[in-house]
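Biologist: I'd like to learn how to read a helical model, one feature at a time. Please give me the general idea and then the case at hand.

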Amino acid sequence: MFIFIPLLFLFFCSVITRRYFESWRAALLSAAIITATVLTGITESLSLIQALSLYPVVMAWLILTIAAGKFCSIGRRPLVWPSINFQTWFLSEKILLGIIIFIGMVTALTAAVGSPNTWDSMTYHLPRVEHWIQNRTVAFYPTNIIRQ
């Protein structure tokens, strides 16, 4: 349920950056870079004070999303929504879009159906994530297992 807050932040950032770029592609790419930077900043700053848990993360995203929404309404240039006319696309562009959508759907299905159950994920990655959850930080922690 809370996944929609960062997605809304990404949308607001793409609307804000659209004022500075000619194309929606460049604006969306800039918004994705901004969102990834904010994600890293939230994770590292909450980890620094050992407050990396659900509610502080949700509150941080809510505050930043509301601020981006307020900033989105302030602007000089009117917002022009993109109009996609598929009739002007070349056949090769339509085929490439179909391939990208197919690969995305297969990847999403694989992620939804196949849970990570290999020995590596169970002995290395899962205990590491569990320690991060327990310690509320992504910092290093003492362990006797050298791989971790």
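Biologist: Is the crossing of α2 and α3 left-handed or right-handed?

Modeller: A crossing is left-handed if the near helix is turned anticlockwise from the far one by less than a right angle, and right-handed if clockwise. Here α2 and α3 make a right-handed crossing. Helices are DSSP runs of H or I, at least four residues, numbered from the N terminus; α2 covers residues 24–48 and α3 covers 54–73. Bear in mind that this is a predicted model: local features need pLDDT of at least 70, side-chain atom pairs pLDDT 80 or more, while totals for chains, interfaces and linings use all residues. Residues are numbered from 1 along each chain as its sequence is written, and side-chain values use heavy atoms, without hydrogens and water.

Biologist: At what angle do the axes of α2 and α3 cross?

Modeller: Axes are lines fitted to C-alpha atoms over the stretch in contact, with angles from 0 to 180 degrees between N-to-C directions. The axes of α2 and α3 cross at roughly 140° and come within 11 Å. That makes the pair oblique, the class left after under 35 degrees (roughly parallel), over 145 (roughly antiparallel) and 65 to 115 (roughly perpendicular).

Biologist: Which residues of α2 and α3 meet?

Modeller: Contact means heavy atoms within 4.5 Å. From α2 come Thr-35, Val-38, Leu-39, Ile-42 and Leu-46; from α3, Pro-56, Val-57, Ala-60, Trp-61 and Leu-64.

Biologist: Is Thr-35 buried or exposed?

Modeller: Thr-35 is buried, at 12% relative accessible area; buried means under 20%, exposed over 50%, partly exposed in between (1.4 Å probe, protein chains only). A polar atom of the Thr-35 side chain lies 2.8 Å from the backbone oxygen of Ala-31. Beyond its neighbours within four places in sequence, Thr-35 touches Pro-6, Phe-9, Leu-10 and Trp-61.

Biologist: What is phi of Arg-136?

Modeller: Phi of Arg-136 is near 55°, a positive value in a residue other than glycine. Gln-50 also has phi near 55°. Gln-50 belongs to the loop between α2 and α3 and counts as exposed, at 52% relative accessibility.

Conventions
Helix = DSSP H or I, 4+ residues; strand = E, 2+ residues; numbered from the N terminus. Polar contact = N/O pair within 3.5 Å; in protein donor to acceptor, adjacent residues only side chain to side chain.
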